[in-house]
Amino acid sequence: MLNNSLYRYLLLLGDNSLILGHRLSELCGHGPNLETDIALTNHSLDLFGQVRSYFQYAAKIAGEGTEDSVAFLRYEKDYLNVHLVEQPNTDFAHVICRQFLWDAYHLPLMKALMKSKDETLAAIGAKGEKEAAYHLRFSSEWMKRLGDGTEESHKRLQSALDHLYRYSYELFKESEVEKEMKEKGIGADLGKILEEWKKTTEDIFRSSNVSPSDDPPAIAKGKQGFHTEHMGFILAQIQYMQRAYPDMQW
Amino acid sequence: MVIPQPADIAPEILAILETVHDPEVPVLTVMDMGIMRKVEQNGTHLTIHISPTYSGCPAMDTIADDLKTAFSEHGFTTDIELVLAPAWTTDDMSEAGKRKLEEYGIASPLEATADKEALMGEAHKVKCPRCGSTNTHLVSAFGSTACKAHFKCKDCLEPFDYFKCLK
């Protein structure tokens, strides 16, 4: 992989959106009802839009390839997304909980990027911030509805949170690239994002009647290219067309 | 950057721009949408900068192709650049555009605070484009395209799209 910090930082940002966007796209036609089906695929579309901006920029920095080759032609160890976004769509509670944990991180991340010294990243942040705010509103509402709903929905949400909360720590574990980008005024300060994240999540957990488990953090090194067993299956699906028919276009 | 107004664009170019429509909201031209950021002319070659409404708006590629086709029919070659800054907001949409939306059956965006209240289901402020009643309710915060939410009128009982305020 190209040994350029900004390039790696763009992959780190873009891969999270790509893999989560893919997980959400798997729900297309399978949402619990029409409205949520459309809502979740809309989230997916917004995330893919952001991915395109990150990867177009990454391809420009690399000086070769396109957004498509960045998205579709890397090996598993060259993807730098966190493990949270790889977690499967076990049930609707898992989908909402994963989304909420992510959205509460994504919104302050976008706000931080708006202040980036890098003009392109600042523009991506400004565009994404509005979308992230809308997503957070949606997932927060559903957290409350499920957590404070029926006995069954509460049980499922709590169980989803028990499973997923352990993966949230990785979002804030600063990698070398993130540290360097922060120091250069290009990337976000994860410490500050964590403060925002805690405020948002504690508030919503309280109104959803759920509590995060005190299990230790999951051992996760997605930012270093080590992934869960889900990742291979995800990539097989994402990459199939470009691998089978190189350079194919719609 | 200031968003170019029709008066800033050469009449010959503007006339062609006004023939290119949004494929998902076909009553709106690219000028109505307010997605035009810059038009640079060098003889018969144009560089056109447009800004997406939403990051993932799938209409942008089609709009870019449609612009190329429309200009090539008038002897121009074009490069289309997608620019993210300044980010598009619903304020960029022209008044004529908002009127056309209503006539087409899509409620046009409210100002930001009212929009938030409407989408949180706290207030009935979105006006039904068919009967004009504000006795409407949110069916889904996400609609048929990234830019719309789905509403229903409780008076005339018709469902309709609402173009979300993006600011």
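Author: What follows is a discussion of the model, taken topic by topic.

Reader: What should I know about the model and its numbering?

Author: This is a predicted model, in which local features need pLDDT of at least 70 and side-chain atom pairs count only at pLDDT 80 or more, whereas totals for chains, interfaces and linings use all residues. Residues are numbered from 1 along each chain as its sequence is written, and chains are lettered from A and ligands numbered from 1 in the order in which they are written.

Reader: Then the domains of chain B: where do they lie?

Author: Domain 1 of chain B covers 6-92 and domain 2 covers 105-163; such bounds come from an automatic or database domain assignment. Taken over C-alpha atoms, the centres of the two domains of chain B are separated by 28 Å.

Reader: How many residues of domain 1 of chain B are in contact with domain 2?

Author: Seven residues of domain 1 of chain B are in contact with six of domain 2. Two residues are in contact if their C-beta atoms, placed from the backbone, lie within 7 Å. The domain 1 side has three nonpolar, three polar and one charged residues. Here Ala, Val, Leu, Ile, Met, Phe, Trp, Tyr, Cys and Pro count as nonpolar, Asp, Glu, Lys and Arg as charged, and the others, Gly among them, as polar.

Reader: Which way do β1(B) and β2(B) run?

Author: Strand β1 (residues 36-42) and strand β2 (residues 45-50) of chain B run antiparallel and are joined by six bridges. Helices (H or I, at least four residues) and strands (E, at least two) are DSSP runs, numbered from the N terminus, and two strands pair if DSSP finds at least two bridges between them. M36(B) stands opposite I50(B) of β2(B). The two strands form a hairpin with two residues between them, and G43(B) in its turn has a positive phi of about 65 degrees.

Reader: And β2(B) with β3(B), parallel or antiparallel?

Author: Parallel: six bridges join β2(B) to strand β3 (residues 77-82) of chain B. H49(B) has E81(B) in β3(B) as its bridge partner. Together with helix α3 (residues 59-72) of chain B, β2(B) and β3(B) make a right-handed β-α-β unit. Right-handed means that, with the strands pointing away from the viewer, the path from the first strand over the helix to the second runs clockwise.

Reader: What is the strand order of the open sheet of four strands?

Author: The order is β4-β7-β6-β5 (chain B), with mixed pairing. The edge strands, each pairing on one side only, are β4 (106-107) and β5 (136-140) of chain B. β4(B) and β7(B) pair in the parallel sense over two bridges, and A107(B) has Y162(B) in β7(B) as its bridge partner. β6(B) and β7(B) pair in the antiparallel sense over five bridges. Strand β5(B) is joined to strand β6 (residues 148-153) of chain B by four bridges, also running antiparallel.

Reader: Why is β7(B) described as largely enclosed?

Author: Four of the five residues of strand β7 (residues 159-163) of chain B are buried, so this strand is largely enclosed by the rest of the structure. A residue is buried if 20 or more other C-beta atoms lie within 10 Å of its own, exposed if 12 or fewer, and partly exposed in between, with C-beta atoms placed from the backbone.

Reader: Turning to the chain interface, how many residues of chain A are in contact with chain B?

Author: 18 residues of chain A are in contact with 14 residues of chain B. On the chain A side, the elements that give two or more residues are α2 (34-62) and α5 (119-147). The largest share, 10 residues, comes from α2(A). By class, this side divides into eight nonpolar, five polar and five charged residues.

Reader: Which residues touch the most other members of the largest nonpolar core?

Author: I96(A) and C97(A) do, in a core of 109 residues. A nonpolar core is a set of buried Ala, Val, Leu, Ile, Met, Phe, Trp, Tyr and Cys residues joined through C-beta atoms within 7 Å. Its largest share, 15 residues, comes from helix α4 (residues 92-113) of chain A. Leaving aside neighbours within four places in sequence, C97(A) is in contact with L157(A), A160(A), L161(A) and L164(A).

Reader: Last, is D247(A) buried or exposed?

Author: D247(A) counts as exposed because it has 9 C-beta neighbours inside 10 Å. This residue lies in the segment after α9 of chain A.
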